[in-house]
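User: I am new to this structure and would like to learn how to read its features. Please go through them with me one at a time.

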Amino acid sequence: PKLWLIVPAAGIGQRMQAECPKQYLRINNRFILDITLSRMLNSGLFAGCMVPLNSTDSWWPESDASNDDRIQTCGGGAERADSVLSALHALKEQVAADDWVLVHDAARPCVHPADLANLVSTLADHPVGGLLAAPVADTLKKAESRDLPEVVETVDRSQLWRALTPQMFRYSMLVSALERALKDKQPVTDESSAMEFSGNMPVLVEGRPDNIKITVPADLDLAGFILSRF
Ligand code: CTP
Ligand code: MG
């Protein structure tokens, strides 16, 4: 089976509070989206790449990626899952049902090539697929939501992981899982949640905890530092 890459980039970056969507902020004078795409495509693993963009996006033509003939674009949707499904539909004529699709956030430029390679080789013969994940490091508290939250209990973190990307699933299984989860109004914040809802349990492949998603302003400096080290 071939491998295909989807990099959802249709978000507006509300929590970043910047003057443009966060994937178009620059680190070392390059768009975050360009850094993410080049790190993923440099692996040479992919038969093709689809990037769903927001209909209001006016920055894409300024990206390096827009001049890269390995990269195709399509329209995004209201939520991340809608954007991913739109990209899956846009790939329809090019893929086989059991081809692998890797979905990787545009806002995750620090993904390490060794983690990408490890994810792909670990899952190659798996029936469902899985995702990069990192064990939770902090002690976790459950609290009542109020002005000054009061601890209810300390949650056992020994079985808890942070879901990262890439997430890697078979094309047709992922399409069905996302369509069903969206139709049933399930919360789908990643591809794995949709697969879980369909009863196909994904595997966790341990990845580096510094594969951060740039979400708030402080993450920008952090990502710059992480990227300066490899
Ligand atoms: N994304 C997308 N389509 C959406 C929402 C998000 O393609 N409708 C993409 C974002 O561009 C990002 C990734 O999904 O690369 C992860 O989403 P998130 O970090 O939540 O980005 P935003 O939705 O842009 O940020 P915010 O939630 O703060 O508005
Ligand atoms: Mg979002």
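User: Is Leu 178 buried or exposed, and why?

Analyst: A residue is buried if 20 or more other C-beta atoms lie within 10 Å of its own, exposed if 12 or fewer, and partly exposed in between, with C-beta atoms placed from the backbone. Leu 178 has 24 other C-beta atoms within 10 Å, so Leu 178 is buried. This is a predicted model, in which local features need pLDDT of at least 70, side-chain atom pairs count only at pLDDT 80 or more, and totals for chains, interfaces and linings use all residues. Residues are numbered from 1 along each chain as its sequence is written, and chains are lettered from A and ligands numbered from 1 in the order in which they are written.

User: How confident is the predictor?

Analyst: pLDDT is the predictor's confidence in each residue, from 0 to 100. Where pLDDT is low, the predicted coordinates should not be read in detail. Here the mean pLDDT of the protein is 97, and 100% of its residues reach 70 or more. The model has an ipTM of 0.99 and a pTM of 0.97.

User: Where does Leu 178 lie, and which residues does Leu 178 contact beyond its neighbours within four places in sequence?

Analyst: Helices (H or I, at least four residues) and strands (E, at least two) are DSSP runs, numbered from the N terminus. Leu 178 belongs to helix α4. Two residues are in contact if their C-beta atoms, placed from the backbone, lie within 7 Å. Setting aside neighbours within four places in sequence, Leu 178 contacts Ala 81, Val 84, Leu 85, Val 188 and Ala 194. From C-alpha to C-alpha, Leu 178 and Leu 85 are 6.9 Å apart in space, and 93 residues apart in sequence.

User: How do I describe two packed helices?

Analyst: Two packed helices are described by the angle between their axes and the distance between the axes. Axes are lines fitted to C-alpha atoms, for helices over the stretch in contact, and angles run from 0 to 180 degrees between N-to-C directions. The axes of α2 (residues 80-90) and α4 (residues 171-183) come within 10 Å and cross at roughly 140°. That makes α2 oblique to α4; angles under 35 degrees count as roughly parallel, over 145 as roughly antiparallel, 65 to 115 as roughly perpendicular and the rest as oblique.

User: Which residues of α2 and α4 meet?

Analyst: Ala 81, Val 84, Leu 85 and Leu 88 of α2 meet Leu 174, Val 175, Leu 178, Glu 179 and Leu 182 of α4. The residues of this contact are eight nonpolar, no polar and one charged. Ala, Val, Leu, Ile, Met, Phe, Trp, Tyr, Cys and Pro count as nonpolar, Asp, Glu, Lys and Arg as charged, and the others, Gly among them, as polar.

User: What covers the buried residues of α2?

Analyst: Those buried residues are Ala 81, Ser 83, Val 84, Leu 85, Ala 87 and Leu 88. Their cover includes β1 (3-6), β4 (48-53), β5 (71-75), β6 (100-103), α4 and α5.

User: What should I look for in the backbone?

Analyst: Most residues other than glycine have a negative phi, and most peptide bonds are trans. Asn 28 is not a glycine, yet has a positive phi of about 50°. Asn 28 is in the loop between β2 (26-27) and β3 (30-31), and counts as exposed because 8 C-beta neighbours lie inside 10 Å. Lys 185 has a positive phi near 55° and sits in the loop between α4 and α5 (191-197). The peptide bond from Thr 165 to Pro 166 is cis, with omega near 10°, and Pro 166 is in strand β10 (residues 161-170).
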